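Welcome! Please take a moment to look over the sequence and the structure shown here before reading on.

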Amino acid sequence: MTSPFLSLPGAVGEAVALHYGAPLQEQRALAEGNAVVDLSHRGIVTVSGPDRLSWLNSMTSQQLLNLAPGESTETLLLDPNGRIEHAMRVVDDGETTWLLVDEGSAEPLFTFLNRMRFALRVEVADVSADYAAVLAFAGGTAVEGLQGFEPTVAWVDPWAEVTRGGAQYAHGEHAGANWSAIQFVLPVDRLAAVSRAVAPAGLMSLDALEIRAWRPSRVSDVDERAIPHEFDWLRSAVHLTKGCYRGQETVAKVHNLGHPPRRLVMLHLDGSEGELPVAGALVFREGEAASPEARPVGRITRAALHYEWGAIAFALLKRSVPGDVTLAVRAGTEAADPSAPVEGVISAAQEMIVPTDAGATRTIPKLKRL
């Protein structure tokens, strides 16, 4: 399906619009609740049947047993070693559980869930071709406008606070405390009318606002080694006392006894050159980035230009990197090869999300030796 949002004046993008010609103005309108973002390129999987919630609860990281109709949450499907495979935005309508996932995730998630049904009373469907999501923030005209189209379900992002059974690693006031994103699920044949009725904002606007709110994304920030602790995702997607599920042993061990090997930070980038680093760009200690022999301490997952904060980025760093160290980013496309010629260096200051001492919440008393 070609999204009708791409036919709007100024639209730039392929699957969905990255922007409509004025990215910073669109971003401000989105933050104020007066614009919507087209997320029709993402996937939607539904699970129906009387065993749906207990079945999903047995496999994923969040407590879903008592999920009330209309209540929103999010959960993670982990591999046996606790690494993130899927992030699912979950809302139940009383008969069907809707799983909103990032682009490229619906088909593999459907395949996995369908294979795990066994004799349980559940039916799984990939409805990505029939339904699409659009996102808006509460507080402005966009939510009211979208409600007029009678959405099938609405998923309210729980990122603004620590959910029951979760834990937060970030210290002090959280940057996402005022986060109020809502995703409305609509039949795809209503997208054209929505695009004409509500002001649009591009995907670049959402990226910038997510980075500023420390909001991780499965498709943008997670790699094949990622565990929830590295992104402070235990605050909204993990229930620490719910019982067994795949990957739970790693979640418990790292949280109670160990430390996540990497940690997510937000970087304030020097914007004097007007350049943003590419996803995967290598991060170094200040003064070392210009040397081809230098060893990186992390990598950029995504970067954006914020309408108030300027150039910002997410980076995954080694846990051993102190939180007060100034960093530098190689801005060019040579990110995959640390020994490649250095084209440009951007200075960066850290804003702590996951601290260096995250985890190890339990102290095991040492026994006296005989």
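This is a predicted model: local features need pLDDT of at least 70, side-chain atom pairs count only at pLDDT 80 or more; totals for chains, interfaces and linings use all residues.

Let's begin with five strands, which form an open sheet in the order 5-6-7-4-8, with antiparallel pairing. At its edges are strand 5 (72–78) and strand 8 (123–126), each of which pairs on one side only. Neighbouring strands of this sheet are turned against each other by 25 degrees on average, direction ignored.

Helix 2 (residues 52–59) lies across strand 4 (43–48), strand 5, strand 6, strand 7 (96–101) and strand 8. Helix 2 runs at about 40 degrees to strand 7.

Now turn to helix 8 (residues 248–256), whose buried residues are Thr250, Val251, Val254 and His255. These residues sit on the same side of helix 8, because they cover an arc of only 120 degrees around the axis. Strand 5 is included in what covers them.

## A look at Val265

Our last stop is Val265, found in strand 13 (residues 262–269). Is Val265 buried or exposed? With a relative accessible area of 0%, Val265 is buried.

Leaving out residues up to four places away in sequence, Val265 touches Ala313, Phe314, Ala315, Leu317, Gln350, Glu351 and Ile353. Val265 and Ala349 are 84 residues apart along the chain, and their C-alpha atoms are separated by 9.7 Å.

Definitions and conventions:
Residues are numbered from 1 along each chain as its sequence is written. Side-chain values use heavy atoms; hydrogens and water are left out. Two strands pair if DSSP finds at least two bridges between them. Helices (H or I, at least four residues) and strands (E, at least two) are DSSP runs, numbered from the N terminus. Axes are lines fitted to C-alpha atoms, for helices over the stretch in contact, and angles run from 0 to 180 degrees between N-to-C directions. Contact means heavy atoms within 4.5 Å. Buried means under 20% relative accessible area, exposed over 50%, partly exposed in between (1.4 Å probe, protein chains only). The arc is that of the directions from the helix axis to the C-beta atoms.
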